[in-house]
Structure formats: C-alpha cells, structure tokens
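This report considers salt bridges and helix packing in one protein model. Please examine the structure shown here before reading on.

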Amino acid sequence: MMQKIGFIGLGIMGTPMARLLLKAGYQVNIYARTDVHVKPLAEEGGIARQTPKEIAEHSDVIITMLPDSRVVEEVMFGENGVYEGLDEGKIFMDMGSSDYASTQRISKKLEKKGVRMLDAPVTGGAKGAAEGTLTIMVGGNVDTLEQVRPILEVMGDKIIPVGPVGSGDIAKACNQMLFALNLSAASEVLALAVKAGLDPQVLMSVVNSGSGESFAGRVKMENFTFKRNFKPGFTTDLMAKDVDMALDMARSLQVPMKLGNLARENIRVAQNCGFGSDDCSSIVRVAEQESDVVIQPFADNDK
C-alpha cells in the first residue's frame, strides 16, 4: 500500500516536486499559505488541507519545502502546526535548505512522539524538480531512508545518504557555498575574456572540457547568461540565504571563510542592483557592469 504524503511549501521547487508525486500515483495532501499556490495542484488531484496539523493527521510521510529553518519551526510548532497532528510511526522530512542545528533540535523533539526525521535538501534547480532529476542528500537513520526511498526516487535520480540527522543540511550548505564561489569566479573570468577579445562561448567550450569545468559554467552561463535569460530557476536572494547559512556555520565552528565572504559580498552587490528575485546567474551582470562588457556569444552581437 502506497504511503500517504503531506507536502507543505508549494513554491518554485515544491510545486513540481509535489506534481511528480501525484503523477506517480501517491495521495498527496497539500498546504500553502496562499490559495494561488494550492489551486493548480488541487486541480491535478492534490487534496488541499487547511492547516499543517491537518496535513500531519492525514499523512504517513510529511514533507516540507520551505525557505528556511525559521519557517520550518513555525510550521512545525506554531498554532495548528504539524507537531499537533503527528503520532508514532510517522516520518517527517525537511527537503528545504535549513540550519543543521535547528534540524537536530526538531528531530529530538519529534523522537519523544515516536516520529522519525530526515533532512533531505536537494540540488538541481527548478528544471531538476520538474524532471525528477534532483540530487537529494539525506541525513538520518538509514532504515528510515529506505522506507521513503521510493518517494525520493520519484523526485530525484541521485539519493545520497550523508550521515546522521543534520548532515544533509551541512552538505547542502557546503555545496551552495562552492556553487556561489564558482559562479562568482566564472563571471569574472568571462568578463576578462570578453574584454581581451575572446568569444565567451569559445572559452566555455575549452573550460568545460578541462580542469575549470563547473555547474556554474556548464549550466548557468550556457543556459542563462549567454541567452540573456535571467528568469529564476534559483534566485539570487535564495543563494544569499544559503551562503549566509554556510557562513554562520563556519563562524560557529571557527572556520575562516575568506573566499566565502568575498562571494557573499558579490551576491550583496547583485541584490543591491535589483537582481535579488532574478536567477542567481544575474551575478554575472555585476561583473559586466564593473568591466563595461556584455558576456554574450560574439555571433549574437552581429544579429
């Protein structure tokens, strides 16, 4: 018998993830604070519930895909929250980018009710969420992971156990920091290439075949920057939130993050330029403005 799923958080990532679960035949109870996010999925078979508590009462596995730990804690422990509707044997899975210490605190409280928790943040963007090709890094008990593996395999094609509860959030924070560094570096290097007279698309064909290859260059530059398409797959504001979380973790553990702080400053400049709600590849426009270039294939400039 298929598990009943509760899904809370129907934004850029949550909506396509919940849609895949519906298409896979799961009963999916859905909740968001605004009806505009609930209605499309309700029309596709999702069962709209009025509160997070109702989601928990009617679900075996409760998934949250929310902006940050503060919102997760509010949805969990607030009035008519998830916690009130939980009982022994249920599984709670946070798939957003959360603070690992907050996740561990939540897990300890849930243990008292006999509820198991996994933190399972994702990477792969809106495209990966729509296509079911997300990479999912899972923190928590391995047996619990195996119970929800069929659910995760609907949403992602790489399910990676990374350690105890909270480890998924640590892995996600480190991954996002490295992504931000790669994106900032790629932006500056491409600006340099254009200024020196080299077609940026030609440079990327070299870089993506060599030691400088990265997701930032291979995907963000090719599919966003070169096409001058900054419609958000993953916004600059969300990148800022993830990088802040990594920097907070580094400060608490007394780990210097010299390059990380430089990347955060670059993101801050992009936000101040009005690019916060655009795709994070908009960071390239900071390098463009500072270098007085446009990072675009030379052939496109002749059109």
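Arginine 228 has a relative accessible area of 30% and is therefore partly exposed, since this class lies between 20% and 50%. The model under discussion is predicted. The side chain of arginine 228 forms a salt bridge with that of glutamate 288, at 2.8 Å from N to O. This pair links distant parts of the chain, 60 residues apart: arginine 228 belongs to the loop between α11 and α12, whereas glutamate 288 lies in helix α14. Glutamate 288 has a relative accessibility of 6% and so counts as buried.

The model contains 15 salt bridges. Among them are the following pairs.

| Pair | N to O distance |
|---|---|
| Arginine 228 and glutamate 288 | 2.8 Å |
| Lysine 241 and aspartate 242 | 3.0 Å |
| Glutamate 131 and lysine 127 | 3.2 Å |

Lysine 241 and aspartate 242 are both buried. Glutamate 131 and lysine 127 share helix α7, where they stand 4 residues apart, about one turn of the helix. Glutamate 131 is partly exposed at 47% relative accessibility, while lysine 127 is exposed at 57%. Salt bridges also join Arg33, Arg70 and Glu74 in a network.

How do two of the helices pack? The axes of α9 (residues 167-196) and α11 (residues 215-225) are 9 Å apart and meet at an angle of about 65 degrees; the two helices are therefore roughly perpendicular to each other. The crossing of α9 past α11 is right-handed. Residues in contact include Phe179 and Leu183 of α9, and Phe215 and Met221 of α11. By class, this contact comprises 7 nonpolar, 2 polar and 1 charged residues.

Definitions and conventions
Residues are numbered from 1 along each chain as its sequence is written. This is a predicted model: local features need pLDDT of at least 70, side-chain atom pairs count only at pLDDT 80 or more; totals for chains, interfaces and linings use all residues. Side-chain values use heavy atoms; hydrogens and water are left out. Axes are lines fitted to C-alpha atoms, for helices over the stretch in contact, and angles run from 0 to 180 degrees between N-to-C directions. Angles under 35 degrees count as roughly parallel, over 145 as roughly antiparallel, 65 to 115 as roughly perpendicular and the rest as oblique. A crossing is left-handed if the near helix is turned anticlockwise from the far one by less than a right angle, and right-handed if clockwise. Contact means heavy atoms within 4.5 Å. Ala, Val, Leu, Ile, Met, Phe, Trp, Tyr, Cys and Pro count as nonpolar, Asp, Glu, Lys and Arg as charged, and the others, Gly among them, as polar. A salt bridge is a side-chain nitrogen of Lys or Arg within 4 Å of a carboxyl oxygen of Asp or Glu. Buried means under 20% relative accessible area, exposed over 50%, partly exposed in between (1.4 Å probe, protein chains only).
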